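Dear colleague,

Please look through the model before reading on.

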Amino acid sequence: MTTIVERTEPEPDGVVDVGELPPATQPSTAGPLDRLAVWRPTDKVRGWLVTLSVTLLGAVIRFWDLGWPTDRGTPVFDEKHYVPQAWQMLRNGGYEDNPGYELVVHPPVGKYLIAIGEWLFGYDGWGWRFSSAIAGTLCVFLIVRIGRRLTRSTMLGALAGVFLICDGVSHVQSRLGMLDIFGALFVVIAFGCLLVDRDQVRGRLAVAVSEGWVGESQWGPRLGFRWWRFACGVSLGLACGVKWNGIYYIVAFGLLSVIWDALARRAAGVERPWAGAIVRDLLPALWGIALIAVVVYFASWWAWFGSETGVDRHAAGNQTPVSSWLPDAFQSFFFYEGNVLHFHENLITGAPGVGTHPWESKPWTWPMGLRPMLYYIEQTPSPLAAGCGASECVSAQMLVGTPAMWWLAFPMIGWSLWRAFVKFDWRHAAVMVGYLAGLLPWFVNIDRQMFFFYVTPMAPFLVLGLVLACGDILGRARAGAERRGTGLLVVAIYTGLVVANFVWLWPILNGDPISTAQWQAELWLPSWR
């Protein structure tokens with residue numbers, strides 16, 4: 001069993017008394033064990049009680065009136081694709097067989113999960129949204145634990161959960177039968193597993209240091225099998241099984257893992273830490289993250305491979321010649337995947353058969369949520385929109401990122417990058433890797449038709465970036481009472497602003513009937529209209 005070196009007391013902060021000069025800068029005298037130490041909060045019981053309490057609050061809010069709104073009992077927006085596809089998979093035992101759609105352009109994992117809710121509750125709003133609400137609730141649970149592990153603070157972990165609950169993007173996507181919330185869930189799981197793996201690696205190296213065999217090779221010791229990194233690979237494979245954009249996180253998290261290994265080896269005093277990470281850790285990372293993810297992705301198609309009537313299941317020999325060394329099933333599979341790739345490559349705004357969409361957006365507008373999405377709207381005299389207490393009512397559901405958080409995206413990015421590259425704060429760097437992996441790849445083909453709901457996996461990392469900034473505002477535990485009190489006041493005021501902003505947006509996040517005057521007041525920017 002691996003021993004992890006833990007430190008539970010606060011880190012020294014270098015604060016000097018008023019009137020004293022700070023000491024001259026000296027090289028760090030910390031030894032390898034100090035550099036490898038894993039800092040842990042001591043309030044384990046309270047930490048779990050807080051986690052479960054915040055998660056319960058998130059569940060209540062995610063599940064509140066989950067079956068509303070619908071389009072006269074039918075799915076809204078892109079639910080119209082995935083909900084019937086999931087229902088068909090439920091009927092067939094896990095695969096789709098209607099080539100008339102030929103809009104089966106995403107892998108099956110997300111639709112498997114939607115089908116679970118439909119199996120439990122039937123083909124209605126509750127049925128096709130139940131699994132999304134579960135996924136959104138699990139994201140709240142995980143973000144509390146991840147925030148606590150990053151900041152070593154139960155309070156800041158709880159703050160991360162509150163922020164995610166109050167994020168309009170995460171809230172709405174948790175209440176729709178679409179795929180993106182499942183992708184976000186598996187990305188968050190993978191990130192959490194990678195954080196635990198980082199701590200475990202440092203613990204293993206600490207054992208090597210304490211037992212005196214860390215320097216037996218210039219590369220440093222082998223680190224053994226890493227179950228948490230394996231779990232990260234499994235989760236990323238499932239993320240790819242929801243949507244292909246999970247590939248970006250395989251690359252990002254794989255590189256992050258190797259860099260963390262190199263830094264841990266350097267902290268342990270290994271002679272050649274970066275070369276050691278390449279020699280010792282690169283191939284295991286490719287196996288533990290990339291290869292495992294590929295295997296899981298293929299396994300997610302088990303029902304299709306086992307079927308006789310799945311879409312393009314027997315394309316080999318019918319639409320393509322059987323000339324490859326691959327079995328017919330794999331030839332058909334790659335033919336099918338090629339069709340999917342062709343669809344995505346040619347989903348170009350204004351192209352024939354694609355046209356334009358009134359709510360499409362480009363990735364440079366996403367960090368601040370400048371172009372949200374209207375999923376549903378119903379206006380009087382329809383009885384569906386009645387009940388607002390005014391002569392004219394509007395019932396609308398919009399995907400809007402809570403401005404109190406999303407409008408601070410660029411300051412958050414700037415602060416995190418400064419902390420990462422100037423102060424060498426690994427926590428900010430890790431969060432930026434997750435955030436930018438969800439944003440930057442979309443700039444490769446800006447002509448592609450894109451929508452704001454693509455940011456769903458980015459939202460948890462926005463939350464973590466803001467929480468880390470709040471932690472910096474609070475200051476360290478040994479900071480003076482006035483410094484800590486002022487920081488706590490600023491963070492408390494900001495948290496209240498986030499909650500109030502979420503409450504204000506509640507009607508248009510949930511499709512509640514409101515007056516036309518309030519509807520206009522909810523649309524803060526011209527680009528929201």
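Arginine 313 lies over the face of tryptophan 304, 5.4 Å from the centre of the ring. Please keep in mind that this is a predicted model. A second contact of this kind involves arginine 145, whose charged end sits over the ring of tryptophan 48 at 3.8 Å from the ring centre.

As for pairs of rings, the structure holds 49 aromatic pairs. One of them is formed by phenylalanine 121 and phenylalanine 130, with 4.9 Å from centre to centre and 55 degrees between the planes, a tilted arrangement. Phenylalanine 121 counts as partly exposed because its relative accessibility is 40%, whereas phenylalanine 130, with a relative accessible area of 18%, is buried.

Another tilted pair is that of phenylalanine 298 and phenylalanine 330, whose centres lie 6.2 Å apart and whose planes are at 45 degrees to each other. This pair links distant parts of the chain, since phenylalanine 298 is in helix 11 (residues 273–299) and phenylalanine 330 is in helix 13 (residues 328–345), 32 residues apart. Phenylalanine 298 has a relative accessibility of 26% and therefore counts as partly exposed, and phenylalanine 330, at 31% relative accessibility, counts as partly exposed too.

How values were computed: Residues numbered from 1 in each chain as written. Predicted model: local features only at pLDDT ≥ 70, side-chain atom pairs only at ≥ 80, totals over all residues. Heavy atoms only, no water. Phe/Tyr/Trp six-rings, centres within 6.5 Å; stacked < 30°, edge-to-face > 60°. Buried < 20%, exposed > 50% of the residue type's maximum accessible area, 1.4 Å probe, protein only. Helix = DSSP H or I, 4+ residues; strand = E, 2+ residues; numbered from the N terminus. Lys NZ or Arg CZ within 6 Å of the ring centre and 35° of its normal.
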